[in-house]
Amino acid sequence: MMFKGLRGATLVLGALIAGASLTACVQMPTEKQGVVSLKPQITFRLAHESLGNAAVVLDGLQVGTAGQFQAGQAALQVEPGTHQLVVQGNGNTFINEKFYVGDGVTKTFDIR
């Protein structure tokens with residue numbers, strides 16, 4: 001009689017262990033979330049490919065070239081507010097403009 005009770009308990013314990021190991025293999029559903037930046041951006045539309053080397057100076061700091069921030073390819077994130085933009089190259093000043101941008105705005109400048 002004792003053998004049957006011990007065997008029954010062993011079977012039950014085995015079933016519990018097997019059940020626990022099966023639930024450990026189940027993955028919980030996950031949700032991927034991203035944060036969208038609402039910082040304003042500026043981009044440039046170039047009339048000719050050679051204008052891509054023009055220096056971009058924002059608020060007195062050189063931040064790169066116009067070709068690095070072409071519309072549809074990349075953008076330069078800026079803080080909301082008023083900025084002074086100068087774009088120059090080959091002895092020419094293509095843009096010398098004060099502009100304002102708010103959150104979520106992308107402003108595109110044409111360089112000709």
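Guide: R45, D110 and R112 are linked in a network of salt bridges. A salt bridge here is a side-chain nitrogen of Lys or Arg within 4 Å of a carboxyl oxygen of Asp or Glu. This is a predicted model, where local features need pLDDT of at least 70, side-chain atom pairs count only at pLDDT 80 or more, and totals for chains, interfaces and linings use all residues. Residues are numbered from 1 along each chain as its sequence is written, and side-chain values use heavy atoms, leaving out hydrogens and water.

Visitor: How many salt bridges are there in the whole structure?

Guide: Three, from a search of the whole structure.

Visitor: Start with R45 and D110. What is the N to O distance?

Guide: It is 2.7 Å for the R45 and D110 side chains. R45 lies in strand β1 and D110 in strand β7 (residues 106-111), so the pair ties together parts 65 residues apart in sequence. Strands are DSSP runs of E, at least two residues; helices are runs of H or I, at least four; both are numbered from the N terminus.

Visitor: And R112, which side chain does it meet?

Guide: R112 meets D110, at 3.8 Å, N to O.

Visitor: Is R112 buried or exposed?

Guide: R112 is exposed, at 71% relative accessible area. Exposed means over 50%, buried under 20%, partly exposed in between (1.4 Å probe, protein chains only). R45 is partly exposed at 45%. D110 is partly exposed too, with 35%.

Visitor: What does K39 pair with?

Guide: K39 forms a salt bridge with E79, at 2.7 Å, N to O. The pair links distant parts of the chain, 40 residues apart. K39 sits in the loop between α1 (2-24) and β1 (41-46). E79 is in the loop between β4 (76-77) and β5 (81-89).

Visitor: What are their relative accessible areas?

Guide: K39 has 35%, which is partly exposed. E79 has 46%, also partly exposed.

Visitor: Why can such side chains pair at all?

Guide: Opposite charges can pair when the charged atoms come close.

Visitor: New topic, backbone. What is the phi of D59?

Guide: D59 has a positive phi of about 55 degrees, although it is not a glycine. D59 lies in the loop between β2 (55-58) and β3 (61-65). At 41% relative accessibility, D59 is partly exposed.

Visitor: And N90, where does it lie?

Guide: N90 is in the loop between β5 and β6 (92-101). Its phi is positive, about 50 degrees, and N90 is not a glycine.

Visitor: Is N90 buried or exposed?

Guide: N90 is exposed, with a relative accessible area of 78%.
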